[in-house]
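Subject: Structure handover

Hello,

Here is the structure we talked about. Please open it next to this email and follow along.

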Amino acid sequence: MTITNEQQSTHHHNHADAGSYAPEHSPRLQWAKLAPEVYKAVAALEIASKKGLDPALVELVKLRASQLNHCAFCIDMHSKDAIAAGESVERIVLLGAWEESRHFYTEKELAAIELTEAVTVLTDGFVPDEVYEKAAKHFEERELAQLIAVIATINVWNRFGVTTRMVPGHYTPGMFKS
């Protein structure tokens, strides 16, 4: 996960006056290098959690949780992954205001997004029965179990990313695949 100087100088901004941007912050620490067994375990959890779920739905869920958790690194990553997988820029941009743009998403996607919000922001009163029941109507039990695992896993990644101040802008789709 180390970013090279070349990657730093060639990332994210395509504007002529690049000098007007704020300086890029440094990460607080390289957690994946310092706790490699934890990183490997979360990466394995990531792979296991997605099994049997629609990849487009998974990216929407990861992106919405990352928005709620203010994880810039993961927002950058999952926006790029979603676009690379064929997702529309419009649906990605409107995800932060999904309640006012419901007609861009299927009922199943909306149930997943709503469940994502409830699981991610547990301090808002746990996961309401109506939110869970709506998701249970759209997902078979096994699929729902996997969806909950995806939501929990992105929340793990977000908490590492936010706490260690992982730097957004350098990710390219597929760079972490082995």
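Phe126 counts as exposed, at 64% relative accessibility. The cut-offs are these: buried is under 20% relative accessible area, exposed is over 50%, and partly exposed lies in between, with a 1.4 Å probe and protein chains only. Phe126 sits in the loop between α7 and α8. Its phi is positive, about 65°, although Phe126 is not a glycine.

Before going on, the ground rules. The model is predicted, so local features need pLDDT of at least 70 and side-chain atom pairs count only at pLDDT 80 or more, while totals for chains, interfaces and linings use all residues. Residues are numbered from 1 along each chain as its sequence is written, and side-chain values use heavy atoms, with hydrogens and water left out.

His70 also has a positive phi without being a glycine, near 55°. Most residues other than glycine have a negative phi. His70 lies in the loop between α4 and α5. It is exposed, with a relative accessible area of 66%.

Now the overall fold. The protein chain has 9 helices and 0 strands. Helices (H or I, at least four residues) and strands (E, at least two) are DSSP runs, numbered from the N terminus. Of the 178 residues, 38% count as buried. Take contacts (heavy atoms within 4.5 Å). Among those between residues at least 6 apart in sequence, 71% join residues at least 24 apart.

Leu29 is a case to look at. It is found in the loop between α1 (5-10) and α2 (31-34). Its relative accessible area is 40%, so Leu29 is partly exposed. The C-alpha atoms of Leu29 and Arg165 are separated by 8.0 Å, yet the two residues are 136 apart along the chain. Leaving out residues up to four places away in sequence, Leu29 touches Leu34 and Thr164.

Next, the interior. A nonpolar core is a set of buried Ala, Val, Leu, Ile, Met, Phe, Trp, Tyr and Cys residues joined through side-chain atoms within 4.5 Å. The largest one has 15 residues; Val61, Ala112, Leu115, Phe139, Leu144, Leu147 and Ile151 touch the most other members. At least two residues of this core come from each of α4, α7 (107-120), α8 (129-138) and α9. Another core, of 12 residues, lies apart from it and includes Val42, Met77, Ile154 and Tyr171.

Ser79 is in helix α5. It is buried, at 16% relative accessible area. Its side chain reaches the backbone oxygen of Ile75 at 2.8 Å. Beyond four places in sequence, Ser79 touches Leu63 and Ile92.

Last, the largest pocket. A pocket is an open set of points on a 1 Å grid over the protein atoms alone, where a 1.4 Å probe fits, with protein on both sides within 12 Å along at least five of seven lines; lining residues have an atom within 4 Å of a point. The volume is about 700 Å³, meaning the space filled by probe spheres set on the points. The lining has 27 residues, with Glu46, Lys50, Lys62, Phe176 and Lys177 nearest the centre. Two or more lining residues come from each of α3 (36-50), α4 (55-68), α5 (72-84) and α9 (141-163). The largest share, 6 residues, is from α5.

Best wishes

Notes: A polar contact is a pair of N or O atoms within 3.5 Å; within protein, one must be able to donate a hydrogen and the other to accept it, and residues adjacent in sequence count only if both atoms are side-chain atoms.
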